[in-house]
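Thanks for coming. I will go through a few points on one structure and then stop. Please have a look at it first.

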Amino acid sequence: MGSKRPRPVKRVLTDPRSMLAQLQQEADHLRVQQAALHEALPSALQARCQVAKVEDEGELLLITDTPAAASQLRFLGAALCDSVRGRRGRAPARVRIRIEPRRTQPVQLARPRHLSPAAATHLEAIARHHPDERMRQALLRLASRAGPSGQD
């Protein structure tokens, strides 16, 4: 049975059988491919494009943020495949482009909405006279969302 003792991180990263070492090698490979792609791209596209995957004789997957940039990258597809060579010196056969818009601002969460006291009064009046019990309960729950008298 193997040792239960923790192994040093350096040994984990340098062990070629380690999953972390394989991930590190793949990240290094993508970094090299990104640099090669960066040199092959026009300056207007350099900041808009990133290499996501490179397969020898397979595909070159690029990520960009706009459809316009994707169109330009498709036009440059063959040249990009040649500039980004695989591990064994073979170029990918095709380019696939995925568009992922950048988020420049954090997503705004919807603020809770409150009913005016007048709206709540009307809903309660409707609920009192409605024949369906489930609808009456729903109207009363809705009326309970009324905020303080100064809010809409």
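C49 counts as buried because its relative accessibility is 6%, where buried means under 20% relative accessible area, exposed over 50% and partly exposed in between, with a 1.4 Å probe and protein chains only. C81 is also buried, at 5% relative accessibility. The structure has zero disulfides, a disulfide being a pair of cysteine sulfur atoms within 2.5 Å.

A word on the source: this is a predicted model, in which local features need pLDDT of at least 70 and side-chain atom pairs count only at pLDDT 80 or more, while totals for chains, interfaces and linings use all residues. Residues are numbered from 1 along each chain as its sequence is written, and side-chain values use heavy atoms, with hydrogens and water left out.

Now the strands. Helices (H or I, at least four residues) and strands (E, at least two) are DSSP runs, numbered from the N terminus. Two strands pair if DSSP finds at least two bridges between them.

Strand β1, residues 49-54, runs antiparallel to β2, with five bridges joining them.

On the parallel side, β2 pairs with β3, residues 94-99, over six bridges. There, T64 has I99 as its bridge partner.

How is β2 placed in the rest of the structure? Six of its six residues, 59-64, are buried, so β2 is largely enclosed. In a regular strand the side chains alternate between the two faces of the sheet. In β2, E59, L61 and I63 point one way, L60, L62 and T64 the other, and all are buried.
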